[in-house]
Amino acid sequence: MKLSNATEIVLHQNAEWSRMMTEESDRASLLRYGLTLMLIAYAILFILTALFWMAIGSVIPFSALHAVMAVGVQCALSVASLYFVPQILATLAPSFGGKNDSLNALKLFVFAGTPAWLGTAIGIVPIVGWLLALAGAVF
């Protein structure tokens, strides 16, 4: 899967989901795609957090290390979710009439996570960015 698929996932969900389910994908390319989007999103979140704490650090005495650790923990949990959530989805699939297929569960998780990861990355745009990030999370 390529990063150019991200815009297609957001703009044309049904067509992209059909294409994604019929094409042969390997686990490594799906994991690489998910990790790339996650790391871009959390790198931008880290930069925004650092800028925010530099701006208000003189007004509110708060450790910048806390902000850095919060972003680091969020990123680590997101990366871990890329490995564990698809296994849970595959285990639950037979309960909903599906089959226990971990590759299709990973496709589902990456497909569903793309708008949220893009929304987080768009958060760097002032004022409008947080609205777009919220829309990506809700979408």
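**Reading the labels**

Mentor: Apart from its neighbours within four places in sequence, L82 has contacts (heavy atoms within 4.5 Å) with L31, G34, L35, M38, L106, F109, V110 and W117. This is a predicted model, in which local features need pLDDT of at least 70 and side-chain atom pairs count only at pLDDT 80 or more, while totals for chains, interfaces and linings use all residues. Residues are numbered from 1 along each chain as its sequence is written, and side-chain values use heavy atoms, leaving out hydrogens and water.

Trainee: What makes the pairing of E23 with R19 a salt bridge?

Mentor: The definition asks for a side-chain nitrogen of Lys or Arg within 4 Å of a carboxyl oxygen of Asp or Glu. The closest N and O atoms of E23 and R19 are 2.4 Å apart, so the pair qualifies under that cut-off. The structure holds one salt bridge.

Trainee: Why is R19 called partly exposed?

Mentor: Buried means under 20% relative accessible area and exposed over 50%, with partly exposed in between (1.4 Å probe, protein chains only). R19 has 29% relative accessibility, so it counts as partly exposed. E23, at 27%, is partly exposed too.

Trainee: How do you know where the predictor's confidence is lowest and highest?

Mentor: We compare mean pLDDT, the predictor's confidence in each residue, from 0 to 100. Helix α6 (residues 128-138) has the lowest mean, 68, and helix α4 (residues 64-92) the highest, 87; helices here are DSSP runs (H or I, at least four residues), numbered from the N terminus.

Conventions. Helices (H or I, at least four residues) and strands (E, at least two) are DSSP runs, numbered from the N terminus.
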